[in-house]
Protein chains: 6
Amino acid sequence: MMNILLINPNTSEHVTQRLLEQAQFVVGEQATIHAYTAQTGPAIISSRSENAIALAEMLRLAATHQNGHDVLVLGVSIDTGLMALREMLDIPVVGMAEAALVTAGMLGGKIGCLTLGASMVPVYEELTASYGFASRVSKWRAIEMPSAFSVTDADPQVAQALILASEKLVQQDGSDVIILCGAVLAGYARLVSDAVGVPVVDPMQAAALQALTVARMQPSKQRQGSFARPRNRILSGVDVNIASLYQPSISGA
Amino acid sequence: MMNILLINPNTSEHVTQRLLEQAQFVVGEQATIHAYTAQTGPAIISSRSENAIALAEMLRLAATHQNGHDVLVLGVSIDTGLMALREMLDIPVVGMAEAALVTAGMLGGKIGCLTLGASMVPVYEELTASYGFASRVSKWRAIEMPSAFSVTDADPQVAQALILASEKLVQQDGSDVIILCGAVLAGYARLVSDAVGVPVVDPMQAAALQALTVARMQPSKQRQGSFARPRNRILSGVDVNIASLYQPSISGA
Amino acid sequence: MMNILLINPNTSEHVTQRLLEQAQFVVGEQATIHAYTAQTGPAIISSRSENAIALAEMLRLAATHQNGHDVLVLGVSIDTGLMALREMLDIPVVGMAEAALVTAGMLGGKIGCLTLGASMVPVYEELTASYGFASRVSKWRAIEMPSAFSVTDADPQVAQALILASEKLVQQDGSDVIILCGAVLAGYARLVSDAVGVPVVDPMQAAALQALTVARMQPSKQRQGSFARPRNRILSGVDVNIASLYQPSISGA
Amino acid sequence: MMNILLINPNTSEHVTQRLLEQAQFVVGEQATIHAYTAQTGPAIISSRSENAIALAEMLRLAATHQNGHDVLVLGVSIDTGLMALREMLDIPVVGMAEAALVTAGMLGGKIGCLTLGASMVPVYEELTASYGFASRVSKWRAIEMPSAFSVTDADPQVAQALILASEKLVQQDGSDVIILCGAVLAGYARLVSDAVGVPVVDPMQAAALQALTVARMQPSKQRQGSFARPRNRILSGVDVNIASLYQPSISGA
Amino acid sequence: MMNILLINPNTSEHVTQRLLEQAQFVVGEQATIHAYTAQTGPAIISSRSENAIALAEMLRLAATHQNGHDVLVLGVSIDTGLMALREMLDIPVVGMAEAALVTAGMLGGKIGCLTLGASMVPVYEELTASYGFASRVSKWRAIEMPSAFSVTDADPQVAQALILASEKLVQQDGSDVIILCGAVLAGYARLVSDAVGVPVVDPMQAAALQALTVARMQPSKQRQGSFARPRNRILSGVDVNIASLYQPSISGA
Amino acid sequence: MMNILLINPNTSEHVTQRLLEQAQFVVGEQATIHAYTAQTGPAIISSRSENAIALAEMLRLAATHQNGHDVLVLGVSIDTGLMALREMLDIPVVGMAEAALVTAGMLGGKIGCLTLGASMVPVYEELTASYGFASRVSKWRAIEMPSAFSVTDADPQVAQALILASEKLVQQDGSDVIILCGAVLAGYARLVSDAVGVPVVDPMQAAALQALTVARMQPSKQRQGSFARPRNRILSGVDVNIASLYQPSISGA
């Protein structure tokens, strides 16, 4: 049985629970998931700078808890620190946005993406482009419904707004498959899919399943290139669990 | 437990066995795999036109055997008919090339690709670009070693050639992760990875694991767009299992 | 005088006639055109999978009839099997979509494309991108008018819908030249052009003229690379006219 | 019978003759070609600035001689003023570089380009990209052989250098078809093609044939958009044949 | 103190004055600006062909006046002859469009562009793409307000139209920063910025400031590659200030 | 007179001094530069993860010291936190890599980039692509010369290695202008430029000059979109100078 490490870089415990629920649902008995919530930083990352602020705690929690796990899943739809963590850690790392995009891509041609709040759309677009998916995504759309952040169960009004926006993604933008992006949108995918008639991907479900996939590949850790962690580096005033990763290695590599 | 349908559009039974072995290795007890080998067409697809010739039998086998399966895996590294099958069938379809690319993409930045025989490189490059991965792939390289097609177990000479080419992919082309593309290269991934020090992806392993992933998502079949299969179409002189898919549907959809 | 081979992979004879009429109109006395209609497959290709199903008959007709012709024109707006046929045959091959795009490109900057039925738009977009024309095409638009498929002469209602959509292509999308894509739209180009005030390209006219062009170049058949047809291949259960192309060559080449 | 206007913006009459010979060879009796050579400007355009200097005479000759012709062919491999002339004139305009690229594109996948002198390669690359062909061109290579500019017939040393570079384009760069770019390379295409085993395109032959194609389409002149020539403009100190094109139109259009 | 050469290739003296005013405003006492207005050519460049016609006078003025200046600023929003002048002259050259794009790019992510008159939008889009900024520009929009060309001071109606279009650029197109493109729009940037709440760049201000920047870098003139001016070239019937640049150099370089 | 804030996120004080020297050299008396060095984090950022670790201190120093300054310059060649800081701060922010690219772009066509150590090349390539400069950069090359990190003055061996690599960038890769990327390469630009004959850009010089440019534009801070800093956010355990930026604003904005 696999051990999955799940880290939520927001300090909101209820978000962790919501993500954990979706992850558990799809991995079933194939993995035990250990979830951690940030102790410092933004309650909910809602901008470029809050994402940057949250990074320090993400790094600390990842360095502290990686041992004993087969794979790390980032519990945040903006993949905070994904590439840096792939270099820093000894285990593979899966991000919700990247996992959702690659999974959606295997279910159709053009991917329509839907999130809460227009101000994060450019940030998601930049992330999409960095993964090479700019030409695969038909459009990023956002619904404006701040109340969605406070409810914990599926809300009919949110569901209705998601269905309307998804129909635009399909009929106006030519999407073949849809991603619902944002932790508070967890749990709506099936409902929207049934209404709109195209597959709808829940990013945390995708991330948990892709975590099983990459863990089962048992990939070697890079010893060369930009994903190999350097050794013998001088770092000062940094969390000890992080700093120790850059010490001289005993057995070589 | 899942049921995976594996179709090899080459008429070479020993290739089917080799692919089946890798798929079984990674899915373990999570799925039963039923494998079928083409009855007509090229023994080994080695060009654009042979790939086109092999398509008819791929469509026939897929239409004939999809019932009772959760997902179809195409047992061919050039993803013969992938997009057409996603529209034609009622179950999700996974291709080896696409699965390898998305899985490799979650293990690093730049993906180096290695195959047997230079004449197929442009075809793979076009396929890569069609999935949006042109900017993620560092380079496609080929080794020339026709003997590799006849051996059934790992051959030290082939291994050596793969390691040398992989080191170029890493050191000259900046690859962070490598794909070994081609059914006869199944079984070399671990060996090359240990030698070169970056993750090496076996496309059939990746495809089998991604088949589990997409099957567990239980995606809706498209009812709209270019992946919805049209109904009430007139087809003549076509295999009955195929033709029946285009009949008027009874319950609507 | 040139001999042009025209193959319609749809089984609809009236479509062949309509295409032949346009081709004859522009080549005049410079070529004799021999047209063949598919004996099996979809009556009208309307989706990804029907295009895949139609491929087998296209390959068979091309292999059977290439001798004695200077060039093959594919009589289908989705360029069924274009790249595979370029490798398989000894004569050059011209597709309607590619010919229309390159011809339109020499008449302006941005190319607006118009077809019948929205569900094929993504397929045309993928085709456009594969030819490198993604940045040249301003937009693909579709009119929905199923009746257009049954009429054989220009219909004022269809004409009106095409003119309206073309004006959007020019005024909203910045198109400098327009392509009317789809066999049943043959014959409307002049009318739409006069109304809208930009050049409008008929794909079959473009394909027939480009067939003259490439035939007059008398290009060598590739002996190297991914467009060289391999020899000494094993194919089983395949049409004899196709299979014989892969036999050992007598004189070398 | 068509009337083709051919303008060479270099002041070198022998270049005009060489281009005319290739054009005449392929159009045969289908068109009369009237060729004009620049009276002022660079003897041979060899840089960005010489191309800019040559533009004024190209505009003057085109405006002066367009009447009575069906199409203008630019007799210069860098397509001097192509887009501006398409807007300024009432007849279609064909450029050698664009014509070569689109014709080559219909003969294979990747296009290898070969010219004389490395310093123009970046300029050709920018031109290629502006036509949308960046992803279709495998590589631009140059041979350095200044003597090629003075000979008027095919020279065995030049031929040998072209064959060697073409083999690199095929074997190292994966080219399926080759373009020989530069007026002084006219006449080598067949020889190189026979030696290398892929089609080789002569840009002036391609341009002359594409001129027939676009002339036969009888495209409307744009009345809208960025290719419609504006009227009622104030120009001072400009050649009268040019200036008169911007006068108020009498009959509307 | 720097000496900036400013050349307006339009024959409209009042445009020169308007541009000079903005340039002077931002460079203050750091530079003396010498401005020249075209003596021949279009009063106002409004199309591709007028831009081509204006090029000859731009080249003449630049060659005539470069001596004694540290940098040339092109006083035209379409960067007439920018790349050719960079090769032809001994001093650096700054274009308004390029300077506006790079300056705007340092103030946000997506750049929204606004001009007067839709027919030039495709020309600006091609220019943007040639600089590599296609993915950075959210959209080019145009207002239609011919009266704007005649007023010399900020006009409330023009201001209102610019503000409305800018709000669309921000809210519909996701722009983070805006460029007001066109000499007659000089002077509106602050007003629009205050109203819309994103930075608004005036291209002449940007060009003047970037002229200071590149002049202070004291960049070497290229002696190699496509930006090195060739020597020993034959040019006939060309302005003597231009022709002399291509004479054999005395001291080598 | 301007006030420039310069922050070095490495804890190496001698790097700060080296950067300050270059910045001071080009801004002369036009600005006072206040430089700060990170108190915690990596001595020298040499990998993706060290860059991520250094971000926290960069954010802290920027939030603490922005008041009283006109613009912030990031003293690190990998532009640590650039986009996040543009949103978080009230003053414009300039990064060395972005400033070098845009400045180099105004001096030629293709930009060649040179750094120390191959393992950072992929990270620079990703950064380049994110700014839209992928098509403008000819190639990133690295020299391997660890000793360069310890010397404080120009070293002839380093100079020689830079000149050799730069000549490859020009002659093999077609670069028109070169960037020397890396703080320890400050001071070599003039020497390399004189030797190679193309302009060579020092990133800190470029950044300091671009800081003057953007500060003189006096751009409005975004009040909308993904670069507007959100208010009324909950952050816990975060530096007080950072946290206070997310408090409710008093006067609105």
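Reply: Start with a definition: a salt bridge is a side-chain nitrogen of Lys or Arg within 4 Å of a carboxyl oxygen of Asp or Glu. Keep in mind that this is a predicted model. A case that meets the rule is D:Glu50 with E:Arg233, whose closest N and O atoms are 2.9 Å apart.

Me: How many salt bridges does the rule find across the interface of chain E and chain D?

Reply: Two salt bridges are found there. Polar contacts across this interface come to 20 residue pairs, both residues being at pLDDT 80 or more.

Me: Which elements of chain E supply the side that touches chain D?

Reply: Strand 3 (41-42), helix 2 (48-65), helix 3 (82-88), helix 5 (121-130) and strand 10 (235-236) of chain E each give at least two residues to that side. Helix 2 of chain E has the largest share, with eight residues.

Me: How is the extent of the interface of chain E and chain D described?

Reply: By residue counts and by area. In contact are 36 residues of chain E and 36 residues of chain D. The area buried between the two chains is about 2600 Å², and carbon and sulfur atoms give 61% of this area. Of the area that chain E buries against chain D, 21% is supplied by E:Arg48, E:Ile53 and E:Ser226, more than by any other three residues.

Me: Which chains does chain E not touch?

Reply: Chain A is one of them: no contact joins chain A and chain E, and their closest C-alpha atoms lie 7 Å apart. Chain B and chain E do not touch either, with 14 Å between their nearest C-alpha atoms.

Me: Now the sheets. What should I look for?

Reply: Strands of a sheet pair through backbone hydrogen bonds, either parallel or antiparallel. In chain B, four strands form an open sheet in the order 7-6-8-9, with parallel pairing. Strand 7 (137-143) and strand 9 (200-201) of chain B are at the edges and have a single partner strand each, so one side of each lacks a neighbour in the sheet. Strand 9 of chain B pairs with strand 8 (residues 177-181) of chain B in the parallel sense over two bridges. In that pairing, B:Ile178 stands opposite B:Val200.

Me: Which strands pair with strand 6 of chain A?

Reply: Strand 7 (residues 137-143) of chain A pairs with strand 6 of chain A in the parallel sense over six bridges. From strand 6, the chain crosses through helix 5 (residues 121-130) of chain A to strand 7 of chain A, a right-handed β-α-β crossover. Strand 8 (residues 177-181) of chain A also pairs with strand 6 of chain A in the parallel sense, over five bridges. A:Leu114 stands opposite A:Arg141 in strand 7 of chain A and opposite A:Leu180 in strand 8 of chain A.

Me: Is strand 6 of chain A mostly covered or exposed?

Reply: Mostly covered: six of the six residues in strand 6 (residues 111-116) of chain A are buried. Both faces are covered, with A:Ile111, A:Cys113 and A:Thr115 on one side and A:Gly112, A:Leu114 and A:Leu116 on the other.

Me: Is F:Arg141 buried or exposed?

Reply: Buried means under 20% relative accessible area. F:Arg141 has 18%, so F:Arg141 counts as buried. This residue lies in strand 7 (residues 137-143) of chain F.

Me: What does F:Arg141 touch?

Reply: Leaving out residues up to four places away in sequence, F:Arg141 touches several residues, including F:Cys113, F:Leu114, F:Lys168 and F:Asp173. F:Gln172 is also among them, and its side chain makes a polar contact with the side chain of F:Arg141 (3.4 Å).

How values were computed:
Residues numbered from 1 in each chain as written. Chains lettered and ligands numbered in written order. Predicted model: local features only at pLDDT ≥ 70, side-chain atom pairs only at ≥ 80, totals over all residues. Heavy atoms only, no water. Buried < 20%, exposed > 50% of the residue type's maximum accessible area, 1.4 Å probe, protein only. Pairing = 2+ DSSP bridges. Right-handed = clockwise from strand over helix to strand, strands pointing away. Contact = heavy atoms within 4.5 Å. Buried area = accessible area lost by both parts, 1.4 Å probe. Polar contact = N/O pair within 3.5 Å; in protein donor to acceptor, adjacent residues only side chain to side chain.
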